[in-house]
Amino acid sequence: MEPYPTFPTWSRRKFIGVTASGIAGIVLASLTGGCEGCLEKIKNRPIRRFLRTGEPLVDADINIYKAAVSAMKALPASNPCSWEYQRLIHANYCGSAHGSWHFFSWHRAYLFNFEQICRAQAGAGAENWGLPYWNWSNYPNFPTQFMGNAANPLYDNSRNTMAVPAFDGIVGPTNLNNILNLPDFTTFAGSNFSSGQLESGPHNYIHGYVCGNMCSVPTAALDPIFYMHHCMVDYCWYEWNILRNHANTNDPAWQNHNYTGMFADKNCNPVDTSVLATILMPLLSYQYEISPVSSSISTEPFAGMNKSDFKKFQDIVQKGASVSLDFKQRVEVAQRIQLNDQKAFSQPIRLEAAMLDQVMNVASDDRVLLTLEEMDAPTTSEYFVRVFLNLPNANTETPMDDPHYAGSFAFFAAGEAVHEGHDPQDKKKLTYIVDLTETVRRLKQGGEQLNPADLQLQFVPVPIDPQKGNQPFSLGISRARLGISPIKIFRNTETVIEK
Ligand SMILES: [Cu+2]
C-alpha cells in the first residue's frame, strides 16, 4: 500500500466527521490507498432527490426537512444553527456572491453546511438525509409539500399566489438546456464583474415568482423553499460542470478564494471553506438524483470508476481551464438606457456596415453578445425584462417564440441594507450578458434585410405576476456594447478546445 502524503492516520471516524475544509484531504486519502472503503462511502453518499409527489423516498425526505425546520425555528436567534441565524448568514454575506462568479460556489458552501445542520437538528434517522431540490424546469408548479397553512413548517404566508406555473420561456427545458450548453464558465457562471446567465435568468426569476420573503436578499432564506430553489441552482452547476463536462475557470482569484467567518457547522460552530472545496462537494459529500433537463444523461459519469480513475477524474474537475471572455470586435451601442414600468423601450443602434455584416454573417464558431453594463439593481424583483432585436412593436404580449426574441433577465432585489458595512456590496452594479447569436441566425434565415443605420433593440419589462401588474419598476443601464466573441469550449480536460 502506498503511504498517504498528508493524512497518515486517516481513520474512519475522522472521515465521517470531516468538515468542508477537510474535503481536499479526503480526496487525497481516497486516491492514494489510505482509507479503505472511502470510495464505497463516496459512492453511497447522501442523495439529493428532486421534489415530486407519489414517491415515498421524497415524502420521507420532506418529513425530515419538516422536523429540521421546526427544530431550527425553536432555537434562539443567537444560536448559529437557528433558522433566524441561517437567514442572517445569507442576508449578510451573499451580497459578495450575487452578480459575480462566486454565485455558485458561495451558495454551494452555504447549502452544504445547512444540510449538515438539518441532519443534526432533525435527529435520529436523518444521518444520510440529502436536501431535496425543486426542479422548476420540469416541475414549474410550486411544490404542494410547501403549501397549506401555518401548521406546515414549510409554509410561508408571504408568497405570491403563483396561480400559473413558472414561465416556461425562462425556466423551461428549452431555455435551461441552452444555458446548460453555454461553452464557458464566464457566460454560464459569471466573472468577477458580471452575472452568469443561470443567475440572471432562471434563478432571479424564481425569486420573483415565489416573491414575498423570497423577493429580496435579506428575507429570502426565511422561506423554506429557498433552500430547495438553491439546491436546483446547485444541481444546474453540477450538470453543467460534471454531467456536461464543462470546465470551471482556473483563475486563482476564484479558485483560491476562501469563505471565512461566515458559516456554521453541524455543531453550530464557525467553519470556513474555500472555493476549491466546493468544486468537489457533489463528488464527495452528496449526490444528485438525476432529473434530466432536456438531456439524455441519466447516470454519474464516474459511477463505475475504480479508485485511480476516480482520482484522475477529480483532479481534472478540480483543475478547471483558463477561461476568459474575449471579443474580436466590440462597439458601444448605447449610453444610458432607462426602463420604466411596463413601457417597452426601443434603443436605436447604429453599426458600421462592415460590423453589421460581421454580425449577420456570424461564423459558426463565433457569438454575438450584448453586454448590459453597470446596471443599478432595481428595488423590486417582480419584473423580468425581455429583449428583442429589431421588433419595433414588441410589447408585453409579444410571444417569446417570435423570431426577433433574444433573451430575458430578471433581478433579485438587495432590499434594505442589512447592517452597516454592507452597503457597497448590496448596491453593487450588475452586468448582464444577452446572447444574440441565435436571433441573428434566425433573422438571416428568414430573409430579413437589416439596415445598419436603422437597427433597434427592444427592452420590454414584464411583471412576473400579472395579477399584481401595477408595481413601479425602474432600471438604469449605464452602457450597452455589442461584441463578437469566438466560442471556446472549455472541457474538463487540460486543454482548451478552440474550434
Ligand atoms: Cu437566490
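Q: At what angle do the axes of α5 and α6 cross?
A: Roughly 170°. The axes of α5 (residues 83-93) and α6 (residues 103-122) come within 12 Å. Axes here are lines fitted to C-alpha atoms, for helices over the stretch in contact, and angles run from 0 to 180 degrees between N-to-C directions.

Q: Before we go on, what kind of model is this?
A: This is a predicted model, where local features need pLDDT of at least 70, side-chain atom pairs count only at pLDDT 80 or more, and totals for chains, interfaces and linings use all residues. Residues are numbered from 1 along each chain as its sequence is written, and side-chain values use heavy atoms, with hydrogens and water left out.

Q: Which residues of α5 and α6 meet?
A: From α5, Trp-83, Gln-86, Arg-87, Ile-89, His-90 and Tyr-93. They meet Trp-106, His-107, Tyr-110, Phe-114 and Ile-117 of α6. By class, that contact has seven nonpolar, three polar and one charged residues. Ala, Val, Leu, Ile, Met, Phe, Trp, Tyr, Cys and Pro count as nonpolar, Asp, Glu, Lys and Arg as charged, and the others, Gly among them, as polar. Contact means heavy atoms within 4.5 Å.

Q: Which residues of α5 are buried?
A: Trp-83, Gln-86, Arg-87, Ile-89, His-90, Ala-91 and Asn-92. Buried means under 20% relative accessible area, exposed over 50%, partly exposed in between (1.4 Å probe, protein chains only). The buried residues of α5 pack against α4 (56-74), α6, α11 (225-243) and β2 (258-264).

Q: What about His-98, buried or exposed?
A: Buried, at 10% relative accessibility. His-98 lies in the loop between α5 and α6.

Q: What does His-98 touch?
A: Not counting residues up to four places away in sequence, His-98 touches His-90, Phe-103, His-107, Glu-199, His-203, Val-217, Phe-412 and Lys-428.

Q: New topic. How many aromatic pairs are there?
A: A search of the whole structure finds 39. Take Tyr-259 and Phe-263: the ring centres are 6.4 Å apart and the planes are at 85°, so the pair is edge-to-face. Rings of Phe, Tyr and Trp (its six-membered ring) pair if their centres lie within 6.5 Å; planes under 30 degrees apart count as stacked, over 60 as edge-to-face and the rest as tilted. Tyr-259 is buried at 1% relative accessibility, and Phe-263 is buried at 3%.

Q: How are the rings of Phe-411 and Tyr-432 arranged?
A: Stacked, because their centres are 5.7 Å apart and their planes are at 20°. The pair links distant parts of the chain, 21 residues apart. Phe-411 is in the loop between β9 (405-410) and α16 (423-426), and Tyr-432 is in strand β10 (residues 430-435). Phe-411 is buried, with a relative accessible area of 2%. Tyr-432 counts as buried too, at 2%.

Q: Which ring does Arg-48 lie over?
A: Tyr-286, at 3.4 Å from the ring centre. The charged end of Arg-52 sits over the ring of Phe-50, 3.9 Å from its centre. The test is NZ of Lys or CZ of Arg within 6 Å of the ring centre and within 35 degrees of the ring normal.

Q: How many residues of α13 are buried?
A: Nine of the ten in helix α13 (residues 275-284), so α13 is largely enclosed by the rest of the structure. Among them are Val-275, Ile-279, Met-281 and Leu-284.

Q: Where is Arg-330?
A: In strand β5. Arg-330 is partly exposed, with a relative accessible area of 31%. Leaving aside neighbours within four places in sequence, Arg-330 is in contact with Thr-371, Glu-373, Arg-481, Leu-482 and Gly-483.

Q: And what's the phi of Arg-336?
A: Near 55°, a positive value in a residue other than glycine. Arg-336 lies in strand β5 (residues 329-340).

Note on methods:
Helices (H or I, at least four residues) and strands (E, at least two) are DSSP runs, numbered from the N terminus.
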